[in-house]
Amino acid sequence: MPFDAGPPLLAAEGLTLQYKTRTSLVTATWRVDVAAGRGERVVLLGPSGCGKSSLLKCVGGFLPPVEGRVMLAGREVTAPGPDRMMVFQEFDQLLPWKTVRGNIEFPLIQARPGWSRRHIADKAALYMDKVGLSKFAESHPHQLSGGMKQRVAIARAMAMEPEILLMDEPFASLDALTRRRMQEELLQLWLDTRFTLLFVTHSIEEAIIIGSRIVVLSPHPGRVKAVLDSDFAADDALGPTHSQALQDEISAMLFSDRFENGSGI
C-alpha cells in the first residue's frame with residue numbers, strides 16, 4: 001500500500017537529546033531527523049546507547065530536546081498526550097489490581113470524558129478481540145503469560161486510537177517463539193487498522209520483520225547513519241534473498257561502527 005505523499009504525520013527535526021546521570025551530562029543523540037507518514041511502520045535500530053529510547057521518549061513528550069523539535073499532525077510536541085501511546089518492554093506496565101478489561105478501559109475513562117460508559121466498554125471489547133484476549137477479559141495480570149500481558153498493553157494503547165503508537169522493544173523479554181508470534185500478530189493488527197508505528201529494537205531481524213522503513217543509528221551519540229526501505233523484505237514473492245541482503249547491509253553498517261568505536265550491539 002502506498003503511503004500518504006503529503007506532509008509526514010511525524011516530523012522530528014534536528015533532535016539533540018541529553019540527560020543527566022549522577023556524575024555527568026550525557027548526549028544521547030545529535031541532530032537526528034526522523035519522519036513517519038500516516039500508516040507507516042518506522043523502526044529505530046542501532047547499538048545499545050545510541051539514543052533509540054531517548055528519541056521515543058522525546059516523541060512521547062517525556063524528554064524535551066536540547067535542540068530541534070517534534071511535530072505531530074502539524075502541532076509541536078511539548079508534553080505527553082493521548083495522541084501518542086507507548087508500549088514498554090516490561091511486563092509490569094499493567095495495573096495489577098485491574099482485570100484485562102479494566103486495564104484497557106482505564107485510560108479511556110481518564111482521557112475520554114465525553115465518551116459514555118457503554119462506548120468505552122465497546123471500544124475495550126473491540127481491541128480485546130483484536131489481540132485475542134476476549135476469553136481473558138476478567139483475568140488479572142498475575143494470571144497471564146508475558147506474551148498475554150504485552151497483548152493487553154498493545155490493546156490498551158490501540159483502544160485510545162492515538163495518532164502514533166510508540167513501542168520500546170516490547171518483545172525483547174519474551175522467549176523466541178512467543179516473540180516471533182507477537183511480531184506476526186502486530187503486523188496483522190496493522191493490516192486491520194493501518195496505525196502509524198514508531199518501534200525501537202536492537203534486533204536487525206525484528207527491524208526487517210516489523211518495519212516499512214528502518215532508521216539506522218550510529219553509536220553514542222546517535223546520529224542517522226541510513227534510512228532504508230524494508231517493506232519489500234516482507235514480500236514473499238521476492239524471496240528470502242532480498243531480506244538477507246538487507247540484513248547483511250545493516251550488519252555491515254553496525255559492525256563497522258562497533259569495531260571503529262569499540263561499542264557493542
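User: Which residues does E206 touch, not counting residues up to four places away in sequence?

Analyst: Contact means heavy atoms within 4.5 Å. Leaving out residues up to four places away in sequence, E206 touches F171, R179, Q183, F199 and T201. This is a predicted model, in which local features need pLDDT of at least 70 and side-chain atom pairs count only at pLDDT 80 or more, while totals for chains, interfaces and linings use all residues. Residues are numbered from 1 along each chain as its sequence is written, and side-chain values use heavy atoms, with hydrogens and water left out.

User: Is E206 buried or exposed, and what polar contact does its side chain make?

Analyst: Buried means under 20% relative accessible area, exposed over 50%, and partly exposed in between (1.4 Å probe, protein chains only). E206 has 2% relative accessibility, so it counts as buried. It lies in helix α6, residues 204-210; helices are DSSP runs of H or I with at least four residues, numbered from the N terminus. A polar contact is a pair of N or O atoms within 3.5 Å, where within protein one must be able to donate a hydrogen and the other to accept it, and residues adjacent in sequence count only if both atoms are side-chain atoms. The E206 side chain makes one with the side chain of T201, at 2.8 Å.

User: Which residues of α3 are buried?

Analyst: An α-helix has 3.6 residues a turn, so residues three or four places apart point the same way. In α3 the buried residues are I120, K123, A124, Y127 and M128. They cover an arc of only 135° around the axis, which puts them on the same side of α3; the arc is that of the directions from the helix axis to the C-beta atoms. These buried residues pack against α2 (100-111) and α4 (146-159). The face turned away from them carries the exposed R118 and D129. Just after α3, G132 takes a positive phi of about 75°.

User: How many disulfides does a search of the whole structure find?

Analyst: A disulfide is a pair of cysteine sulfur atoms within 2.5 Å. The search of the whole structure finds zero. For C50, the closest cysteine sulfur is in C58, 15 Å away, which is too far for a bond. C50 is buried, with a relative accessible area of 0%, and C58 counts as buried at 3%.

How values were computed
Helix = DSSP H or I, 4+ residues; strand = E, 2+ residues; numbered from the N terminus.
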